[in-house]
Amino acid sequence: MPPTFKNRRRATQVVAFSGNCAPVMALAHAATLVVALAASHTYAADIDYLAPPGVAAKEFPSPQRPVARIVSPRRSAEEHRDALDEAGQIARLLELKPGMTVGDIGAGSGYHTVRLSYLVGAAGSVVAQDVRRDYLIELARRTELLKLTNVKFALGDPHDPRLPAASLDAAILVHMYHEIAEPYAFLYNLTPALKPGARVGIVDLELPTSKHGTPIELLRCELTAVGYRAIATYKLAGDGGYLAIFSPPEVADRKSPWDIVACGDRPGTR
């Protein structure tokens, strides 16, 4: 049976609408983009320095070895890291407990931030710190989706984590130490943020800094130069590298920046 006029008109309307689908889809895409940008601006507005600047980088020696470039907010697949119990090993060896405030320095995509959030619980908190604002914005989105309410975000500088005084019970720096552009200044400016008795755990690979690792002897040399004391070193499972634990110098006993002597560029550090 041939279509009635009414049906023909309806069919024409459908065809006409289909023909104009591209502009409609473009408008929808634009609207989505506006919403996403607005969300990004909202997160960005909430992410800032948490403390005034510390001592300027120019007061410290520069590292006498290569500094690796920041290339990604994540080291490897989280499933792989979970299979090795990376977060669990670090938490046990550093004796991290519910109620603590832990700094995830160089938080990146937040692998440890998320797991620490569950560990320290509602009575504790995690400070996710990074020099990349875009990384922190993405991490803020992630923690909101997971409904994690005990995570704070701290923007830092290459020479200064910009964290409040006496705010941390512990700090972890996981597979990122070799990317710190001004390690002596950074370690010096981190010290005031650590409470008495706090511990610093650094995870890295026994590789040259140019290959995204830090030889353990070089690491000990650089931290000792700033006044940190080596407590213990542990081998982590699989390809996790090592965990080196340090105690920071007492604030009153810190060296003057000009008394810090850079460690030499030793064989194997490149």
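H4 passes H5 in a right-handed crossing. Keep in mind that this is a predicted model.

Let's stay with that pair. H4 covers residues 86-94, and H5 covers residues 111-120. Their axes lie 10 Å apart and pack at an angle of about 55°. That angle is why H4 counts as oblique to H5.

Which residues of H4 and H5 meet? From H4, they are Glu86, Ala87, Ile90 and Ala91. From H5, they are Tyr111, His112, Arg115 and Leu119. By class, that contact has five nonpolar, one polar and two charged residues.

Next, the second pair. H7 is residues 183-190, and H8 is residues 216-226. Here the axes come within 9 Å and cross at roughly 55°. H7 and H8 are therefore oblique to each other. Their crossing is right-handed. On the H7 side, the contact uses Pro183, Tyr184, Leu187 and Tyr188. On the H8 side, Glu222, Leu223, Ala225 and Val226 take part.

Now the pocket. What is the volume of the largest pocket? About 570 Å³. Its lining has 32 residues. Nearest the centre of the largest pocket lie Ser72, Gly106, His175, Met176 and Glu179. The lining divides into 15 nonpolar, ten polar and seven charged residues.

H5 comes back here. Along with strand E1 (101-105) and strand E2 (125-130), H5 supplies at least two residues of that lining, as does each of the strands. So much for the pocket; over to you.

Note on methods
Residues numbered from 1 in each chain as written. Predicted model: local features only at pLDDT ≥ 70, side-chain atom pairs only at ≥ 80, totals over all residues. Heavy atoms only, no water. Axes fitted to C-alpha atoms, helices over the stretch in contact; angles between N-to-C directions. Helix = DSSP H or I, 4+ residues; strand = E, 2+ residues; numbered from the N terminus. Parallel < 35°, antiparallel > 145°, perpendicular 65-115°, else oblique. Left-handed = near helix turned anticlockwise from the far one by under 90°. Contact = heavy atoms within 4.5 Å. Nonpolar A, V, L, I, M, F, W, Y, C, P; charged D, E, K, R; others polar. 1 Å grid on protein atoms, 1.4 Å probe; cavity = no way out; pocket = protein on both sides within 12 Å on 5 of 7 lines; lining within 4 Å. Points joined across faces, edges and corners; volume = space filled by probe spheres on them.
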